[in-house]
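Here is a quick tour of the model shown below.

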Amino acid sequence: MILHSLSTWSALAAHYKLIRNSHMRDWFDPISDLAPTRADRFTVTGGGLTLDFSKNRVTDQTISLLIQLAQETHVQARRDAMFIGEIVNPTERRAALHTALRASDASAPYAAQIKAERIKMAILAERVRNRQWLGYTGQPIEHIVNIGIGGSDLGPKMVTHALRHFAKSRIRIHYVSNIDGVDLQGVLEQINPEKTLVIIVSKTFTTSETMTNACSLRDWFRRSGCTSDQLVSHFVAVSANLQEVVRFGISPDNIFEMWDWVGGRYSLWSAVGLSVMIAIGPKNFDQLLKGAHLIDEHFRYAPLEHNMPVLLGMLGVWYRNFFGSQSYVVAPYSQALYFLPAYLQQLEMESNGKSVTLDGHIVDYPTAAVVWGEPGTNSQHAFFQMLHQGPTIVPIDFIISLTPEHSLPGHHEKLLANCFAQSEALMLGRTEAEAKNIVGCKQASLVPHIVFPGNRPTNTILLDELNPQSLGALIALYEHKTFVQAAVWNINPFDQWGVELGKILGKVVESELISTSSVDLRNHDSSTRALITRARESATLKSGIVC
Ligand code: F6P
């Protein structure tokens, strides 16, 4: 399939030329925007979520062409192949069955295996939550330290933070990912080994950051007086590499399985979410899965023109491939969703940041957009200036819950008002005439500075409330959006070869940095050579292998 040669692609390119100078303000004109209004036509619901995509640079024809493109690029067939467990990750010869992890049907792929592991997770979670899991001095666990990085960190951390208001137990959950010791040290300062349970999450159990942090923590326990036998009460692991986990010294009873048919960044629904389950309890964890399952069903069965992941994905294609947008902003108007942008960065950019099609050809069109963002309203006082008046068009996803997660009066109304007003302002802009009216003729020179072009595209995703179910739905929405885009671009969203080279070279450089004898750096370029030499000469560099 050559994307550019598809008839719908050419039709969209021609259609883009026709509408690129149209202003959304005119489409929303109250005289012409009669029932069913743009908002009526361009709002869809599913899985308890509402997506208003009416403030986009699209007409009814754009949407129908984008849906046609989804059909022509076999989005439905690819989706169905994923759900039934076909090898949709051919470079690693794997299925991608994260949807099976939240399926309720006993006939879903691997249902028995998934259920057994979930029961094991719930038993551990309840023991910890009920203060029955005791540390080496007989004290109940009060701190969980999740050691992992990328998909073994970002999802669980984002969800635990988002659902803090559902965490009724007094257990504190810490996430350590960075190899920078500041990360682990900061946590060590807050915890007591006698009351700490460590969850090492690593699909491969070879990831340098995770293994270094895990080894440092094991040393810390030993230094505190915990014997090797007693470590059993303080370490559990989630991994696909059982041999390495056992070699690390973790009891087989404390090992949770990761399967090769679940990708790291799609894994929070598996035992990778153990820290989440401990935080919010097994019942709430089930609700998280239920929300994701509702979106799975929606993605699978809703007609494409009412299908939220399809619409979100195709709108992204519209801006990336036709408007030439390089990035898009995710702006959750929710402090609880603080880590959502970082989570989505891995989800979308590690999945779709590819330049080669499934059959190995170099693409001649852009793929994944850069994802960035911050919660509102903070972002309004940081980078929204550029979004309103910069020359670059950056589409934005606003995400907001109608119900607050706190009891402070007056705050949530203001939060909602800011969110809705921003998308309105970004759409409407301010014309020169309106600007002149504001400043009058005395300050005419100010006019160009207070004109807003408007016509800036935004989606608004509404949640009735932020709870485990709606969060599960929201995450699954973005997972499937990512999949839809991969299907259109004909790329594999489930591998990540691009992270390998840096890892390999990192090992080489590390051995050179810590070598106490002279090293031959001629294989490096002059810049890298000079950096390594400078670091080797630095008095602060301490050699020492922890793992
Ligand atoms: O950065 C690459 C990556 O493989 C991610 O895809 C993954 O989520 C992360 O590293 C962690 O990998 P692991 O779970 O094997 O430690």
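Helices here are DSSP runs of H or I with at least four residues, numbered from the N terminus, and a contact means heavy atoms within 4.5 Å. Helix α5 itself covers residues 75–83, and its buried members are V75, R79, A81, M82 and F83. Buried means under 20% relative accessible area, exposed means over 50%, and partly exposed is in between (1.4 Å probe, protein chains only). After α5 comes G85, with a positive phi near 90°.

A word on the ground rules: this is a predicted model, where local features need pLDDT of at least 70, side-chain atom pairs count only at pLDDT 80 or more, and totals for chains, interfaces and linings use all residues.

## The ligand and its shell

How many residues surround the ligand? There are 14, and the closest are G151, S202, T204, T207 and E350; to be near, a residue needs a heavy atom within 4 Å of the molecule. The shell splits into two nonpolar, eight polar and four charged residues.

From the side-chain side, Q346 puts a polar atom 3.2 Å from a ligand oxygen. On its own the ligand has 390 Å² of accessible area, and the protein covers 88% of that (Shrake-Rupley method, 1.4 Å probe).

## The annotated residues

An unreviewed UniProt entry lists E350, H381 and K503 under "active site"; such annotations may be inferred rather than shown by experiment. They spread over 154 residues of sequence, and in space they are up to 36.9 Å apart between C-alpha atoms.

E350 sits in helix α14 (residues 340–352). Because its relative accessibility is 21%, E350 counts as partly exposed. Leaving out residues up to four places away in sequence, E350 touches R265, Q345, D495, Q496 and V499. Its side chain also makes a polar contact with that of R265, at 2.7 Å (N or O atoms within 3.5 Å; within protein, one must be able to donate a hydrogen and the other to accept it, and residues adjacent in sequence count only if both atoms are side-chain atoms).

K503 belongs to helix α20 (residues 500–514), and is partly exposed because its relative accessibility is 46%.

Methods:
Residues numbered from 1 in each chain as written. Heavy atoms only, no water. Nonpolar A, V, L, I, M, F, W, Y, C, P; charged D, E, K, R; others polar. Helix = DSSP H or I, 4+ residues; strand = E, 2+ residues; numbered from the N terminus.
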